[in-house]
Amino acid sequence: MTMESDKSREADAEKADTASLKMDGRRQIFEARGLWKIYDMGEVKVTALRDVDFDLFDGEILVLLGASGSGKSTLLNILGGLDKPTEGSVRYRDIILSESDDFQLTQYRRKHVGFVFQFYNLIPSLTARENVELVTEISDDPMPPEEALELVGLEDRMDHFPAQLSGGEQQRVAIARAIAKRPNVLLCDEPTGALDLETGRIVLRALERVNEDLGTAIAVITHNAAISAMGDRVIQMSSGRISKTIINEKRAPLEEIEW
Amino acid sequence: MKALNKKLFRDLWHHRGQMFSIAAVVATAIMTVLSMRGTYESLVIARDSYYHESRFPDVWSNLERAPELLRGQIEQIEGVTAVDTRVTFAASLDLDDRDTPATGRFISASDPSVMLGALHMRSGRWVTGRDRDRVMISEKFALANEFIEGDTLRAVINGRLRNLEIIGIAISPEHSYAVPAGALFPDDANYGIVWMSREAIGSVFDMEGAFNEVVLTLASNADVEGVMLKLNRILEPYGGLGSYGREFQLSNLFLENELKQNRTMGTAIPAIFLAVVAFLLNIVLRRLISTQRQEIAVLKAFGYSNVDIGLFYLQFALTAVLAGAVIGIGIGAWLGGVMVELYKDYFVFPDLHYELSAGLVAFAIAISVIAAIVGALGGVKKAINLPPAEAMRPQAPARFAPGIFERLGLAKYLHSSTRMVLRNIERRPIKSLFSALGVSFSVAILITGMFMFDGVDRLMDLQFNVAQREDLSVTFNRSLGIGSKFELGRIKGVASAEMFRMVPVRISKGHRERESGITGRALGDELSRIVDSDGRIIPMPLKGLVVSKVLADQLEVVPGDRVQVEVLEGARVSRKLEVVSIVDDLMGMSVYMNIVELHRLVGGPRMVSGASLASSDLDHSQLSGILGKLPAIASVTSPRKAFDLFDEQMSKSMYIGIFFLIGFSSIIAVSVIYNGARIALSERGRELASLRVLGFSKREVAVLLFSEQGLITLFAIPIGWYIGYLFAQGIVLMVPTETFRIPLVVDAGTYFLSTVVTIAAAIGSFWIVRRRLNNYDLISVLKTRD
């Protein structure tokens with residue numbers, strides 16, 4: 001993380017030109033403008049985001065690339081309603097997340113957004129199917145848990161407990177759990193970070209299939225540049241700023257991705 | 001300071017809530033040891049020194065009248081070290097502003113240097129042979145009636161009103177617990193001991209040169225039974241009523257009962273608290289060591305030995321004991337002092353005070369340390385056995401298996417969150433069971449304490465509303481003819497009178513024998529009835545005896561047996577009689593028979609000893625005033641007044657008792673439930689954060705976390721009822737039963753209160769943990785590995 005005591009010094013710094021990019025007529029899902037996030041750690045203040053503008057569009061796969069401490073996770077957490085910006089506005093469709101209270105953010109997470117984490121975070125006392133049911137039970141229009149698990153290729157492992165599943169399988173359960181409520185957007189924080197190449201590819205394939213079959217927009221955070229080839233758009237972050245935006249005309253097939 | 005010590009302080013600070021809750025349980029354990037056990041020791045010390053100083057007798061014997069010359073013969077009995085003869089009578093005391101006369105127990109006082117059971121003067125002086133109408137009175141009676149030296153006490157003796165000058169106020173070891181015969185509780189205002197010189201009492205009661213009570217002290221190696229047998233033989237021609245030892249001396253009997261109860265409770269209650277301490281330290285340390293496994297691995301990798309690591313975690317446990325000891329010793333010493341003061345209302349000793357003995361403090365701390373070490377051992381062993389390399393790797397995900405609900409096919413009817421709760425409970429059955437047991441002890445402690453009030457309430461209700469329904473009860477100075485019934489009936493205010501006859505007897509079967517009294521009553525008596533512990537009324541049989549279960553058990557008789565009955569008065573006839581029924585009654589060791597049959601047994605003229613009266617007045621005070629002034633009447637009592645007095649005393653001690661019981665029970669419940677919830681939060685913080693991310697609200701997550709402890713608590717409550725009932729049963733069986741038996745009843749209100757207190761403690765614990773849950777940092781939890 002970059003430390004800083006005076007944010008005004010950065011106020012007129014060059015902004016990455018993401019806001020002006022229009023994805024040929026697709027609707028915006030997220031619109032973030034002028035985001036600052038400063039963590040007050042007592043004696044020091046840590047600036048995680050500096051005046052970031054950001055958009056995410058329907059049906060796209062966006063890769064957020066950056067080193068540890070570049071601010072990408074902070075951005076994702078704000079988009080996911082887990083955290084709030086210190087300054088600036090974030091809008092999901094017509095919900096202004098930056099002005100929502102805890103109850104509204106909980107409802108937002110419950111209805112609209114799915115999460116996938118590096119460390120799966122499955123409930124160890126529930127089977128794969130039950131982990132998915134946990135979400136479908138509180139959603140308005142979920143898909144059957146079996147369908148979600150089939151989508152990630154786990155139809156044969158549905159009644160296994162997390163301790164009986166491999167890391168890749170656990171991550172796919174986490175994806176099934178995230179998509180079962182038919183969210184408009186899936187936020188993935190280092191989904192392959194704990195996995196080897198082969199398993200990682202299977203997980204990424206599952207994400208890709210969700211995007212193709214359900215049209216779910218996906219934002220993937222990674223420090224692994226190789227993964228950026230699978231995105232429609234790649235945003236590079238460093239020191240709390242968006243440093244570069246790349247548009248891939250064509251997504252690379254996963255088989256070609258190596259790390 | 002060494003770095004490891006710094007870590008210890010910071011870890012302790014970090015877990016201060018849990019450490020404090022455990023220290024509170026330790027403090028309560030130490031407090032109960034110091035107060036209950038300390039009170040017991042104080043009472044024993046006060047008793048022993050008093051009994052020793054006052055030459056407390058070993059044997060008592062009552063008789064009709066024997067010449068003083070007989071004393072020499074008694075002194076000759078082998079094993080007897082001292083003999084003291086006495087004259088004793090009961091008489092009415094006419095007090096100012098009192099409608100019902102009080103009862104005075106008149107006893108002759110020998111010279112202070114030779115008196116057995118010598119008095120301890122509180123003020124004034126000892127009576128001498130020249131003090132004709134001068135008396136010493138018991139301190140409690142003096143205090144209750146505000147008598148001081150120089151005041152005049154009016155007594156009705158043999159029908160004559162006498163003015164007695166009070167010249168001394170004293171206490172007696174034989175009346176440390178001063179209960180009138182047949183009562184359970186001291187009634188200080190209405191029952192006093194009056195001591196006169198032997199010369200004075202002899203002339204007043206026509207007992208010059210004679211005695212009607214003799215007391216002995218024995219050599220420590222004397223054969224008590226043998227001495228009593230010989231004494232009985234000597235006194236037999238003089239109307240001897242049999243002898244008894246200390247175990248049947250009324251005041252000593254009540255004191256022994258109290259001490260026994262005190263000792264048992266003073267052992268059982270601290271033991272429960274120490275068991276809870278061990279359990280809590282076990283679960284808290286196990287969890288702490290799980291979360292610190294990587295730190296332990298690093299320490300080991302750096303070369304810290306297993307002993308260092310073991311001692312480190314042991315110090316956690318010992319800190320809780322230390323903190324608890326500091327609080328517990330302070331409160332325990334104070335509470336012990338309060339309890340001893342409460343005892344002074346009942347038991348009178350010259351020097352009863354609470355002393356905090358170093359030995360007892362050391363004992364209390366030692367057993368707490370042992371409990372803490374026992375509890376900590378499991379966790380410490382886990383830390384020691386952790387191989388460093390393995391500890392560096394994250395812990396494997398917890399293994400779960402389908403539980404009983406899946407196997408029963410019920411799982412599909414359950415919500416996934418319900419399944420989570422049930423599987424978590426099932427995965428650690430032992431821990432869940434012990435948690436439940438801990439909570440159930442909190443319920444049980446309250447029931448154990450409260451049931452006493454329920455039982456005594458029931459006892460009093462049965463005794464005074466079902467068995468003794470008379471308005472007034474009178475006893476005569478000496479037996480009167482049956483015509484006295486009509487005399488009583490003529491007194492204004494007497495609606496009906498039921499006469500009874502009491503005859504002292506010795507009952508035996510085989511080699512077992514007991515001195516007792518037979519109460520004879522008419523067949524259809526309505527005012528005074530025989531009632532068993534279930535409230536059933538036992539009709540008086542035409543022929544044969546009805547015997548209290550306690551006495552029947554001692555004599556080993558069953559209905560249909562014939563027992564030898566030796567009448568200890570008049571012609572002293574001896575006959576075999578059939579026991580027709582055994583009654584599980586609540587007070588005394590009674591034998592009942594049809595009064596007509598009793599007259600036939602004793603022979604001679606038909607006599608009666610007293611009467612139960614129904615009064616036609618709304619307020620019986622006028623009648624009791626008239627009766628108290630009649631020369632033939634020795635005592636007038638009102639069971640209703642006794643009941644009211646008892647109720648008043650009872651509610652005072654009840655409030656104090658309930659206050660402490662609720663405190664004790666809450667400390668256990670809060671510490672078990674709070675620690676359970678804290679550990680659950682620590683173990684499942686990650687799960688709960690995941691659920692929040694998945695869109696569960698704070699409330700839903702809190703409900704999920706607390707459901708587990710909540711279910712355990714709900715499961716524990718009925719178990720606690722049952723354990724409480726068993727404890728109550730144990731106490732009922734333990735309390736000696738010669739004087740009264742507490743029926744085993746636990747009122748619905750008691751179950752209800754214990755449940756409410758436990759649930760309130762659970763809600764309180766959740767409330768504290770909920771604040772921690774609300775402040776949980778979702779993101780950081782999810783970003784870390786377990």
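Select Phe279(B) and, leaving aside neighbours within four places in sequence, display its contacts: Gly375(B), Phe434(B) and Gly438(B). Two residues are in contact if their C-beta atoms, placed from the backbone, lie within 7 Å. This is a predicted model, in which local features need pLDDT of at least 70 and side-chain atom pairs count only at pLDDT 80 or more, while totals for chains, interfaces and linings use all residues. Residues are numbered from 1 along each chain as its sequence is written, with chains lettered from A and ligands numbered from 1 in the order in which they are written.

Phe279(B) belongs to helix α7 (residues 250-291) of chain B; helices (H or I, at least four residues) and strands (E, at least two) are DSSP runs, numbered from the N terminus. Phe279(B) counts as buried because it has 24 C-beta neighbours inside 10 Å, the threshold for a buried residue being 20 or more other C-beta atoms within 10 Å of its own.

Next, select the open sheet of 4 strands in chain B, with order β2-β10-β1-β11 and antiparallel pairing. Strands pair if DSSP finds at least two bridges between them. At the edges are β2 (80-86) and β11 (243-245) of chain B, each pairing on one side only. From one strand to the next, the twist averages 25°. Between β2(B) and β10 (residues 210-218) of chain B there are 6 bridges in the antiparallel sense; Arg86(B) has Glu213(B) in β10(B) as its bridge partner.

Now bring in helix α6 (residues 224-235) of chain B, which lies across β1 (59-67), β2, β10 and β11 of chain B and runs at about 10° to β1(B). Axes are lines fitted to C-alpha atoms, for helices over the stretch in contact, and angles run from 0 to 180 degrees between N-to-C directions.

Move to helices α20 (residues 698-734) and α21 (residues 748-774) of chain B, whose axes come within 10 Å and cross at roughly 155°. That angle makes α20(B) roughly antiparallel to α21(B), a term for angles over 145 degrees. Among the residues that meet here are Phe706(B) and Trp721(B) of α20(B), and Tyr751(B) and Phe766(B) of α21(B).

Finally, show both chains: the contact takes 25 residues from chain B and 25 residues from chain A. On the side of chain B that touches chain A, the elements giving two or more residues are α13 (416-427), α19 (639-693) and α22 (778-783) of chain B. Of these, α13(B) gives the most, with 6 residues.

Technical notes:
Buried ≥ 20, exposed ≤ 12 C-beta atoms within 10 Å, placed from the backbone. Parallel < 35°, antiparallel > 145°, perpendicular 65-115°, else oblique.
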